[in-house]
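Open the model in your viewer and keep the selection tool ready. Each stop says what to select and what is there.

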Amino acid sequence: MRVGAFEAFGLVVRRELCLSFRRPDQLLQPLVFFLIVTTLFPLGLSLQLSLLRDMAPGVLWVAALLSSLLSLDSLFKSDADDGTLEQLALCGQGLTVIVVAKTFAHWLVTGAALVLVSPVVGTALGIPGAAFATMLLSLGLGTLTLSWLGAIGAGLTVGLKRGNVLLSLIVLPLAMPLLIFGAGATDRAISGTSAVGALYFLAALCVFTCTLAPFAATVALRITLE
Amino acid sequence: MWTWFYKLASPPYVYAAAAALAPWFLGLAAITVGYGLVDGLVYAPPDYQQGDAFRIIYVHAPSAWLSLFAYTSMALAGAIALVWRIKMGHAVAAASAPIGASFTVLALVTGSLWGRPMWGTYWAWDPRLTSELILLFLYVGVMSLRSAFEDPSRGDRAAALLGIVGLVNVPIIHYSVTWWNSLHQGATVAKLGKPPMPGSMLWPLLSMLLGFMLFYGAVLCMRLRGEVLNRERQAKWVREAIKS
């Protein structure tokens with residue numbers, strides 16, 4: 001049975017979501033990690049809310065980057081281990097469609113979930129409610145971009161036994177612009193100035209990586225799979 | 001017309017060509033760096049604001065430039081190897097990465113040594129220093145990815161792809177880091193029209209720049225020979241080349 005690219009995309013996304021929701025603990029772990037990391041900072045720094053508010057954007061963004069990175073390792077790994085990925089690569093659909101679908105589904109269960117949790121963390125760190133919209137938008141754009149960058153890294157390291165540390169080593173330098181603009185946007189929103197410039201830049205980065213990264217990730221997978 | 005291009009794909013030819021080129025590069029590098037050092041450190045006038053401390057520019061600026069130049073050549077060599085399946089491109093990329101990383105370290109060290117008398121601190125989170133540091137991380141990522149694979153050809157291709165991705169990202173990283181206000185002095189040389197640097201200071205700098213590039217070429221040739229020998233160690237011509 002031959003299916004179109006959009007249908008294949010939908011099928012793979014549905015499969016990924018179904019698999020994730022059957023293992024809810026794996027779904028929750030990155031979120032709990034996100035909460036734990038953000039708890040570490042007040043414990044290690046200070047309990048003064050005014051000081052925390054100054055640090056909040058950075059803390060929030062570093063924690064979001066780290067927890068997204070942790071879950072990236074599983075993007076292709078289990079499917080590559082049991083041969084599913086090779087079957088998907090041979091199924092007649094372009095591998096790019098599969099990569100796009102898998103990455104998008106992965107973002108839905110990690111990045112988007114993280115965005116939904118972030119108001120809780122934001123409140124705990126003293127981010128005022130007026131800045132929430134900017135914070136949510138910047139985190140959404142940032143985690144989506146990071147998922148694309150991470151797909152390249154995960155594709156490159158999928159065949160390796162201990163690829164997890166290497167994955168972070170590869171992806172984190174590429175993700176630094178996200179941190180600068182994401183934390184910058186949130187910071188501006190907290191101080192009440194316009195964050196539009198930083199948000200536009202984040203959106204531009206997001207579109208840029210969404211366009212090019214799927215192809216790079218496909219090439220990466222082909223290199224490590226064949 | 002394309003025969004020279006195909007010749008580049010042949011390991012014995014690359015091996016011999018690198019051997020022939022290396023002394024030329026090295027000799028010319030000795031002349032240009034020698035002139036640059038003497039003229040820059042002894043004859044160039046001291047800066048009206050920074051005094052003699054500005055002279056570290058003669059090492060700092062060329063190594064910073066070379067760190068980017070080596071990254072670009074590494075990524076381009078990797079891209080050529082990936083697209084046209086020329087294995088020697090991977091050898092060039094593998095030989096280039098450690099040199100580029102060394103220049104990056106040199107730029108960071110000289111930069112922080114320069115920062116101490118000028119800014120009063122060894123390290124400031126200045127945009128250019130920070131993007132140089134991120135460049136070092138990119139180098140480390142490419143080099144460790146290459147060595148992480150048991151199958152060397154797979155490691156080569158993975159590193160080549162990462163190099164290209166990094167090359168696309170270098171300007172983005174650079175400009176986003178420049179978002180912060182800069183402590184670093186603005187561009188001194190790369191301004192069109194009349195450069196703000198007088199010729200007595202500029203000529204030794206340009207000579208050092210050329211010399212560093214020639215030196216990079218020389219070291220690249222030497223490393224490339226080792227890289228080719230290692231990769232082709234099963235081949236007959238290597239055994240003959242070593243015996244003779």
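Two residues are in contact if their C-beta atoms, placed from the backbone, lie within 7 Å. Helices (H or I, at least four residues) and strands (E, at least two) are DSSP runs, numbered from the N terminus. Residues are numbered from 1 along each chain as its sequence is written, while chains are lettered from A and ligands numbered from 1 in the order in which they are written. This is a predicted model, where local features need pLDDT of at least 70, side-chain atom pairs count only at pLDDT 80 or more, and totals for chains, interfaces and linings use all residues.

**Stop one: a covered helix**

Select residues 95-109 of chain A, which form helix 6. Twelve of the 15 residues in this helix are buried (20 or more other C-beta atoms lie within 10 Å of the residue's own C-beta atom, placed from the backbone). Among them are Leu95(A), Lys102(A), His106(A) and Trp107(A). What do the buried residues of helix 6 of chain A pack against? Show helix 1 (5-22), helix 5 (84-90), helix 7 (111-124), helix 8 and helix 10 (196-225) of chain A to see those partners.

Now check the length of helix 6 of chain A. The expected span is 1.5 Å times one less than the number of residues. For helix 6 of chain A that gives 21 Å, and its end C-alpha atoms are 21 Å apart, which agrees.

**Stop two: a helix pair**

Select residues 132-157 of chain A for helix 8, then residues 163-191 of chain A for helix 9. Two packed helices are described by the angle between their axes and the distance between the axes. Axes are lines fitted to C-alpha atoms, for helices over the stretch in contact, and angles run from 0 to 180 degrees between N-to-C directions. Here the angle is about 165 degrees and the axes are 9 Å apart. Helix 8 and helix 9 of chain A are therefore roughly antiparallel (an angle over 145 degrees). Their contact has 15 nonpolar, ten polar and no charged residues. Ala, Val, Leu, Ile, Met, Phe, Trp, Tyr, Cys and Pro count as nonpolar, Asp, Glu, Lys and Arg as charged, and the others, Gly among them, as polar.

**Stop three: chain B**

Select chain B, with its eight helices and zero strands. Buried residues make up 41% of its 244 residues.

**Stop four: where the chains meet**

The contact takes 20 residues from chain B and 18 from chain A. Which helix of chain B gives the largest share of the side that touches chain A? Helix 6 of chain B does, with eleven residues.

Definitions and conventions
Parallel < 35°, antiparallel > 145°, perpendicular 65-115°, else oblique.
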